[in-house]
Amino acid sequence: MRNKPASKPLTEPVLLILLSLAEKPRHGYSLMKDIESLSDGRVRLSTGTLYGALRRLLEDLWIERFEQDDTTREKQAYKLTPAGRKQLHAELERMRQLTHAATTRIRTREA
Amino acid sequence: MRAEQAYRTLLRLYPSDYRALFALEMQNAFERAAEEHRVLGRPVFIRFLLGEFVGLLSGVGGEWIAKLTTDSSVRGRCLPDLRMMRPPGVPRELWFAGAFQGHGRGSLPDEVLSAQARVSMLIQRTVHAIANHDFPGARRYSHEERLAREELRRLRQKHDMGDAGNDGCS
């Protein structure tokens with residue numbers, strides 16, 4: 001099983017995909033739009049990058065396919081699994097700790 | 001439309017199991033994004049196309065490396081369950097009406113139930129064969145599935161169950 005805790009930080013596209021799916025299930029195009037808006041227009045994933053990341057996340061069982069009103073083979077929605085949500089929380093906690101340590105160090109230096 | 005055609009052509013560079021999973025979705029997402037960027041002017045559209053094609057080509061490389069280095073059982077497990085997928089153009093209500101009809105299986109004749117089970121089994125074998133790149137096998141199972149569906153249709157008519165277009169194992 002590849003469903004194991006991440007041993008290294010998530011890449012930015014993966015983090016943004018998980019963040020976007022944390023709110024609600026979305027299909028590919030909706031993910032692209034939401035990620036662009038989440039990152040204030042800084043990150044625009046190409047379809048190649050997006051679906052490559054989705055394939056890896058499906059394999060790791062961090063996301064799963066989801067049946068929606070408008071689901072067809074051309075428009076498939078994805079949702080976060082409990083394992084994916086756990087990974088997202090772990091990554092956000094890692095970032096929070098890093099931000100805290102960095103802020104403390106900068107304050108000490110400036111004082 | 002030339003950009004869409006070029007994109008469809010480049011999609012063929014992906015490994016076949018990846019294409020079976022994502023090609024239609026990628027094409028759909030690309031077409032919607034292209035439509036949106038086209039109206040923003042030529043420079044924006046060209047930048048968008050460049051980003052897409054570079055992303056696609058690097059994705060092709062990444063997927064071939066992943067295919068060659070990942071166990072096929074891991075790659076195969078995220079294949080869609082075709083029995084659960086609603087084909088394009090079939091309304092959700094009709095699809096799930098068929099599913100609920102399937103819950104009343106206790107009232108179906110045994111020969112209809114076993115014909116349904118055979119169709120489902122052949123679908124699973126087709127999916128498994130595709131996952132393992134056994135394309136001649138997939139074609140054979142697909143052909144057998146067509147025959148099994150014909151048989152199921154005949155049995156449904158025999159038992160006066162009508163031919164609702166949903167045989168309970170799509």
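**A first look at the two chains**

Analyst: Happy to! Of the 111 residues of chain A, 34% count as buried; a residue is buried if 20 or more other C-beta atoms, placed from the backbone, lie within 10 Å of its own, exposed if 12 or fewer, and partly exposed in between. This is a predicted model, where local features need pLDDT of at least 70, side-chain atom pairs count only at pLDDT 80 or more, and totals for chains, interfaces and linings use all residues. Residues are numbered from 1 along each chain as its sequence is written, while chains are lettered from A and ligands numbered from 1 in the order in which they are written.

User: Thanks! What percentage of chain B counts as buried?

Analyst: For chain B, it is 21% of the 170 residues.

User: Where's the largest nonpolar core, and which residues have the most contacts in it?

Analyst: That core has 32 residues, and those with the most contacts inside it are A:Ile17, A:Leu18, A:Met32, A:Leu50, A:Leu54, A:Leu57 and A:Ile63. Elements of both chains give two or more residues to it: helices H1 (12-23), H2 (28-38) and H3 (47-59) and strand E3 (77-80) of chain A, together with helices H1 (2-11) and H2 (16-38) of chain B. H2(B) gives the most, seven residues. A nonpolar core here is a set of buried Ala, Val, Leu, Ile, Met, Phe, Trp, Tyr and Cys residues joined through C-beta atoms within 7 Å.

User: Why would residues like that group together?

Analyst: In soluble globular proteins, nonpolar side chains tend to be buried together.

User: Let's zoom in. What does A:Leu50 touch?

Analyst: Leaving out residues up to four places away in sequence, A:Leu50 touches A:Gly28, A:Leu31, A:Met32 and A:Leu45. Two residues are in contact if their C-beta atoms, placed from the backbone, lie within 7 Å.

User: How do H1(A) and H2(A) pack?

Analyst: Their axes are 10 Å apart, at an angle of about 105°. Axes are lines fitted to C-alpha atoms, for helices over the stretch in contact, and angles run from 0 to 180 degrees between N-to-C directions. That makes H1(A) roughly perpendicular to H2(A). Angles under 35 degrees count as roughly parallel, over 145 as roughly antiparallel, 65 to 115 as roughly perpendicular and the rest as oblique.

User: Which residues meet there?

Analyst: A:Leu16, A:Ile17, A:Leu19 and A:Ser20 of H1(A) meet A:Leu31, A:Asp34, A:Ile35 and A:Leu38 of H2(A).

User: Switching to chain B: how do H6(B) and H7(B) cross?

Analyst: The axes of H6(B) (residues 110-131) and H7(B) (residues 135-158) come within 9 Å and cross at roughly 165°, so these helices are roughly antiparallel to each other. Among the residues making the contact are B:Ala115 and B:Leu122 of H6(B) and B:Tyr141 and B:Ala148 of H7(B). Those four also belong to a second, separate core of seven residues.

User: Last one: is B:Leu13 buried or partly exposed?

Analyst: B:Leu13 counts as partly exposed, because it has 14 C-beta neighbours inside 10 Å. This residue sits in the loop between H1 and H2 of chain B. B:Leu13 and B:Val60 are 47 residues apart in sequence, with their C-alpha atoms 6.4 Å apart in space.

Notes. Helices (H or I, at least four residues) and strands (E, at least two) are DSSP runs, numbered from the N terminus.
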